[in-house]
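Subject: Handing over the structure

Hi there,

The structure comes first, and my notes on what I found follow below it.

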Amino acid sequence: MRRTEILDWLREERPGELCRLWKTANRVRRENVGSGVHLRGLIEFSNRCRRSCSYCGIRSPNRKIARYRMCADEIQDCAGAAVRRGFGTVVLQSGEDPELSAEWMADLILGIKAETKLSVTLSLGERTKEELALWRRAGADRYLLRFETSNPRLYKRFHPSLPGRDSDRLALLAVLRTLGYETGSGILVGLPGQTHADLARDIDLFGRLDLDMIGLGPYIPHPDTPLGKSWKECCAPPDRQVPNTEEMTYKVLALARLICPRANIPVTTAVATLNRSAGFELGLSRGANVIMPNVTPMTYRRMYAIYPGKACAFENHDSAGEKLRYRIQNEGRFVGRGRGDSPNYAHRTRSKAVREAVL
Ligand code: SAM
């Protein structure tokens, strides 16, 4: 799909045409990744962060939240809970925690791998090539690192670099790829100043990066962040600014499915936060095939407040789990079995092996 066509879809508002987009994305999802919905147990194990991303509630300068880092035993318990609930993957997510030692993390991955058959996804922010390599050797399977926006001016404005270290997420994604991780990235939809042309470039980039996983969600203003206090003033003129709405997020999700047919694409918590009663269903019927139920203990979950009103922050995960299965089946879908590896990754590694054998 050409970028101009993506742009036309982003500006499309006619219900009949949008219905055509949803149906096409749903068909492409079914033909390429099937009807299983893979559940990933999300463990938000540390909200400590050295970064100052201007929209994020766990940014380092925010003194209004209590900070925590779960110990290895607590994290292992959560992994055990994920197994008991039938999940094939755990996602270990944290702020960019400066005191998270590479060795501690490697031991944790080794421990989870020794005790379970879970696939391990990491989402720990920007780390060195050596750390990423160590964790891959310890058994980590996947890494999620959103590039957030492909507009360099906007990226710089909202993501101050650490002193002496440029933030280059695209370069890190290339490193993750060479280390053999299933590689995931994604964006925020409706960042103040983000135009439709920016967003079309983001979606086009999903395809050029040949992503195995794509995570995206609406920007949700957090009142205790600089951007949350002034986001309206930072917006582009109304005809150019991408709205941070549910509908715009589904458009991006559906287009991501068309551009990367074999990628694993979740309906994220941010989408469910905008529409608690039907966000999962709408996302699943418009291109998504993954949901990431939160298995973090309640006390910590509330402190991982990247934006206000996060769906899952006050729900007991056991009853939420039952309900979730029911909601998935109600959509004519079923809970995927096993690890739910990315068909895109399998396809790419197979093609590479064939190419090498021929050479
Ligand atoms: N530290 C890791 C990293 O930087 O990739 C993972 C944690 S970070 C909090 C996870 C994601 O939360 C970010 O990639 C960002 O897109 C999202 N996020 C942060 N603040 C948000 C907000 N106010 N609204 C919506 N999403 C937000």
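The axes themselves are lines fitted to C-alpha atoms, for helices over the stretch in contact, and the angles run from 0 to 180 degrees between N-to-C directions. Helices (H or I, at least four residues) and strands (E, at least two) are DSSP runs, numbered from the N terminus.

Please keep in mind that this is a predicted model, in which local features need pLDDT of at least 70 and side-chain atom pairs count only at pLDDT 80 or more, while totals for chains, interfaces and linings use all residues. Residues are numbered from 1 along each chain as its sequence is written, and side-chain values use heavy atoms, with hydrogens and water left out.

**The chain as a whole**

The protein chain has 15 helices and nine strands. Its radius of gyration (taken over C-alpha atoms) is 19 Å, close to the 21 Å that the globule rule (2.2 Å times the number of residues to the power 0.38) gives for 359 residues, so the chain is as compact as a globular protein of that length. Along the principal axes, the C-alpha atoms fill a box of roughly 50 × 50 × 50 Å. Of the 359 residues, 57% count as buried (buried means under 20% relative accessible area, exposed over 50%, partly exposed in between, with a 1.4 Å probe and protein chains only). Among contacts (heavy atoms within 4.5 Å) between residues at least 6 apart in sequence, 79% join residues at least 24 apart.

**Two helix pairs**

Two packed helices are described by the angle between their axes and the distance between the axes. Helix α1 (residues 3-11) packs against α8 at an angle of about 125°, with the axes 9 Å apart. The two are therefore oblique to each other. On the α1 side the contact is made by Arg 3, Ile 6, Leu 7, Leu 10 and Arg 11, and the α8 residues taking part include His 196, Leu 199 and Ile 203. By class, this contact has seven nonpolar, one polar and four charged residues (Ala, Val, Leu, Ile, Met, Phe, Trp, Tyr, Cys and Pro count as nonpolar, Asp, Glu, Lys and Arg as charged, and the others, Gly among them, as polar).

The other pair is α4 (residues 102-115) and α5 (residues 129-138), whose axes come within 8 Å and cross at roughly 20°. That makes α4 roughly parallel to α5. The crossing of α4 and α5 is right-handed. In α5, the residues Glu 131, Leu 134, Trp 135 and Ala 138 meet a set from α4, among them Met 105, Ile 109 and Leu 110. This contact has eight nonpolar, no polar and three charged residues.

**Residues to look at**

Glu 148 has a positive phi of about 70° although it is not a glycine. Glu 148 sits in the loop between β4 (142-144) and α6 (152-158), and at 10% relative accessibility it counts as buried. Asp 210, also not a glycine, has a positive phi near 50°. The place of Asp 210 is the loop between α8 (196-209) and β6 (213-218), and with 29% relative accessibility it counts as partly exposed.

Ser 54 belongs to the loop between β1 (36-46) and α3 (72-84) and is buried, at 10% relative accessible area. Leaving aside neighbours within four places in sequence, Ser 54 is in contact with residues including Arg 59, Arg 157 and Thr 225.

Ala 270 lies in helix α11 (residues 269-274) and is buried at 8% relative accessibility. Ala 270 and Tyr 307 are 37 residues apart in sequence, yet 8.6 Å apart in space, C-alpha to C-alpha.

Arg 276 is in the loop between α11 and α12 (279-284) and counts as partly exposed at 43% relative accessibility. Not counting residues up to four places away in sequence, Arg 276 touches Gly 309, Lys 310, Ala 311 and Arg 327.

Happy browsing!

Conventions
Angles under 35 degrees count as roughly parallel, over 145 as roughly antiparallel, 65 to 115 as roughly perpendicular and the rest as oblique. A crossing is left-handed if the near helix is turned anticlockwise from the far one by less than a right angle, and right-handed if clockwise.
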